[in-house]
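Please keep the sequence and structure in view while reading.

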Amino acid sequence: MFQTIVATLGLAALWLLMSGLYKPLIFILGIISVFLAIFIIRRMDKVDDHKLGYDIGIFSTAKYLLWLMVEIAKSNWAVTKTILSGKAPDSQKMFEVHVTQKSEIAQVIFANSITLTPGTVTVESEDDNFVVHALDFDDGDMGALTDMDEHVTAIETKNVGAVK
Amino acid sequence: MNFFQIFVEAISWIAILGGCAFMLVGAIGALRFPDFWTRIHAVSVADSAGMLLLTLGMCIQGGFTLVTVKLIIIGVFLFITGPTATHAVANAAMVSGFLPKGADEFRKPKIAHDAKTRKLKAKKKSPLKGGL
C-alpha cells in the first residue's frame, strides 16, 4: 500500500511537470490516466509475484555515479582516438567477466555501466558471469572491469535478499 | 552582461559544441568501422558523451526553469535506455549466431525441439498457412 501511494504521488508529480496545461478537462484526464496506470501496475503485480528490491544505498550510488562519469570520459577519449586514427581496430575480443553482486538491481547497474562506457558492451548475462565484447582489448581492460565490479558491489546494502 | 553571465554562456556553448563533436565522431565511426561488432562501440560514443554534453549544455542555457527539469528527465531516461537498447541489439546478434572472429566458444548450441514445439514455431512463422 505504501508503494502504491508513493507511485501515485510520483506519477502525479511527473504529469504536472510534463503537462504545463492546467485547464479542468486536461487536469481530469491527467488524474484518470494516473489512476489507470496505478490500476494496471497493481494488476500486473498480482500476475507475477516478483517483488522488486532496491538494495542499494543512496549516497554510495551518488558517489558511484560520479566515479562512473570519470570512467565514461576516459573511455570516450580512448574510443574517439581509435575512430579518428583511421585504422580499423584489429584487437576486438569477447570474454567473460565475473559478477560479485547479489541483488538484481546492482547487477543491472553493473551491466549497464559496462555498456555505457564506450569500448565495451555487455552481450549476455549468465549465472555469475557477463559475456563482454571489447573494441580494443588489452590486458588492462580486465583489471578495469574488475575494478568497476568492486565499485558496484560497494553500493549494495549489507542485508541483500533479507526482504525476499 | 556581466562577467558571470559570459562565463556561464561560454561553458554552455563549450558543452553543446563538444556534444556535437562527439556525435560527429560517433557517426564517422559507425560509417567507417569494418563490421557490426565494432560499429556498436562507435555508436556508444554518441550515446554517452554526445548525449550527456548536449543535455548539459541545453540545461545551462535553460537556467532554473521547467525546461531544465524536463531536459534532466530526458537525460536520465536516455542514460538508462541507451545502454539497454545497445545490449538488446548485441544480444540479438549473439543469439542468432552472429559472432566476431575468435569468439566461437560463446556460440549457443542449437536446441533440438520436439515435434510440438516445432509445429508451434512453424505456425508463428506463417500464421495463416492452412487457416483460410
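In which helix of chain A does Trp15(A) lie? Trp15(A) belongs to helix H1 of chain A.

## Basis

This is a predicted model, in which local features need pLDDT of at least 70 and side-chain atom pairs count only at pLDDT 80 or more, while totals for chains, interfaces and linings use all residues. Residues are numbered from 1 along each chain as its sequence is written, and chains are lettered from A and ligands numbered from 1 in the order in which they are written.

## Helix H1 of chain A

Helices (H or I, at least four residues) and strands (E, at least two) are DSSP runs, numbered from the N terminus. H1(A) has 18 residues, which at 1.5 Å a residue should span 26 Å, and its end C-alpha atoms are 26 Å apart, in agreement. The expected span is 1.5 Å times one less than the number of residues.

The number of buried residues in H1(A) is 0, so the helix lies largely in the open. Buried requires 20 or more other C-beta atoms within 10 Å of a residue's own, exposed 12 or fewer, and partly exposed lies in between, with C-beta atoms placed from the backbone. After H1(A) comes Gly20(A), with a positive phi near 80 degrees.

## Trp15(A)

Trp15(A) counts as partly exposed because it has 17 C-beta neighbours inside 10 Å. Beyond its neighbours within four places in sequence, Trp15(A) is in contact (C-beta atoms, placed from the backbone, within 7 Å) with Gly30(A) and Val34(A). The C-alpha atoms of Trp15(A) and Val34(A) are 8.1 Å apart, at a separation of 19 residues in sequence.

## Chain contact

Chain A puts 27 residues into the contact and chain B 30 residues. On the side of chain A that touches chain B, H3(A) gives the most, with 6 residues.

Terms used
Two residues are in contact if their C-beta atoms, placed from the backbone, lie within 7 Å.
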